[in-house]
Amino acid sequence: MTRLQHFGYFFSRGFGPQGWGRDYQAWNDDWTRPDLYAHAVRDLERAGFDLVVIEDAISLGNPDTLDLRVRAAYGGPKHDPLLLAPYLFAATRHLGVVPTINAGITPPYLAARQAATLQHLSGDRFGINLVTDVGSARHVGLEPVAHDVAYDRAEEWIDVVRRLWHSWDADALVADAETGHFADGSKIDAFQHRGEHFRLDGPLNALPFDGGDPVVVSPGGSARGLGFAGSRSDVQLALAPLQVEEVRAYRAKVLAAAALAGRKPADVRVLFVVKPELLASREEADRVVAASRHASDAVLHEVALAWSSDLETDLTALPLDAPIDPAVFGDHVSLGTLTALRGDTPDAPLRELLARKARKGRLGDRSGLVGTAEEFADLVEEFGADADNDGFLLSGDLHPVTLHRFLDDLVPVLRRRGILRSGYGGGGLRGNLFEF
């Protein structure tokens, strides 16, 4: 049975050089200015999307791979997405904006105060994409920690941030103009937190929220990442093979973690990140897929560049016809990203791994994401009905050209099928996500 699905946009390059290396670079848009992004988010709101999530990494990565990351602007430069958020709120009325915040380097009190401020300024449309990246630690004078320790720290981080948000009781704000009584200090919790990773004192000097806390979003496909999403996140950014049984199994892990934490399935939204290549006809899609089966070394090099940035490991310097030595990957490398590259064949030659990533598949037979808008809508309906899926985050540059390639044909199809909202309620981002 057709039902409404949630749609968002994952701004995958982050607040960086939009359009670099693409034809629409010729539009001469200035990626450092807000106009480009304001234009884009207005289109997302017109399309009925719930939120835009802004990827970020504060580091240019390992000094040994510095040139690799900036040569094609895969890993940088990037400006701070938190400071872009107010411009996006000013351009929209309903769309949620979710910049990335790193729990390993951002002090909880500072993050709680910034988030509270933006939640009020935006009318309850702010969210945090919480990441546990450890590679940036050296930039703030900290030592990196192991993968699971980073999740321990993130759990403590979000718990104390939420305690700060709620350090004012709901009735602590009096605001009685006749008596001149603004707030009741006896209803404000001046707590002390002395945890394993953070030491700080409350209360927060920001008002509580009328429309609920800022939405917490988290990526991460490892067991700890899924556990964190189930126990503490409102939205899980999910990556899985686009097969009904895989999507159902992925969701089951997140919801099992939620149940273990005493939460209900309805407390968490699982949104799968996808990057469809939508074309005008099935015949055109068939041609694109056929061509991808014979990737040249130049194409493999481009694929290696992109994965090198994500892995902070220079794959372009490794022999194509030998397996990757696991020793080249440091502890800071995301296990989810590493698994996404190697799959269940970690001993395969690098050429085979890269060729697999260059190879495209058809939406029509669920072997990939190349197809028509109608075929993508078929996938959305199938997952909603057969895997109880909540929705999708489309992924790409936050550039009007990219968006219109996705949306021009897709929005009418989704609306005609009753899958995509055509209006918003008044509950801010949390209301958008949990009203259905």
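Modeller: First a term: two strands pair if DSSP finds at least two bridges between them. Strands (E, at least two residues) and helices (H or I, at least four) are DSSP runs, numbered from the N terminus. The model is predicted: local features need pLDDT of at least 70, side-chain atom pairs count only at pLDDT 80 or more, and totals for chains, interfaces and linings use all residues. Residues are numbered from 1 along each chain as its sequence is written, and side-chain values use heavy atoms, leaving out hydrogens and water.

Biologist: Which residue in S9 is the bridge partner of Asn129?

Modeller: That is Val217. Strand S4 (residues 127-131) pairs with S9 in the parallel sense, over three bridges.

Biologist: And what joins S9 to S10?

Modeller: Two bridges, with the strands running parallel; Ser218 stands opposite Gln236 in S10.

Biologist: Are the faces of S9 covered or open?

Modeller: Both are covered: Val215 and Val217 on one side, and Val216 and Ser218 on the other, are all buried. Buried means under 20% relative accessible area, exposed over 50%, and partly exposed in between (1.4 Å probe, protein chains only).

Biologist: Changing topic, which residues of H3 are buried?

Modeller: In helix H3 (residues 81-91) they are Pro81, Leu82, Leu84, Ala85, Leu88, Phe89 and Ala91. They lie on the same side of H3 because they cover an arc of only 150 degrees around the axis, taken from the directions from the helix axis to the C-beta atoms.

Biologist: What does the face turned away carry?

Modeller: The exposed residues Leu83 and Ala90.
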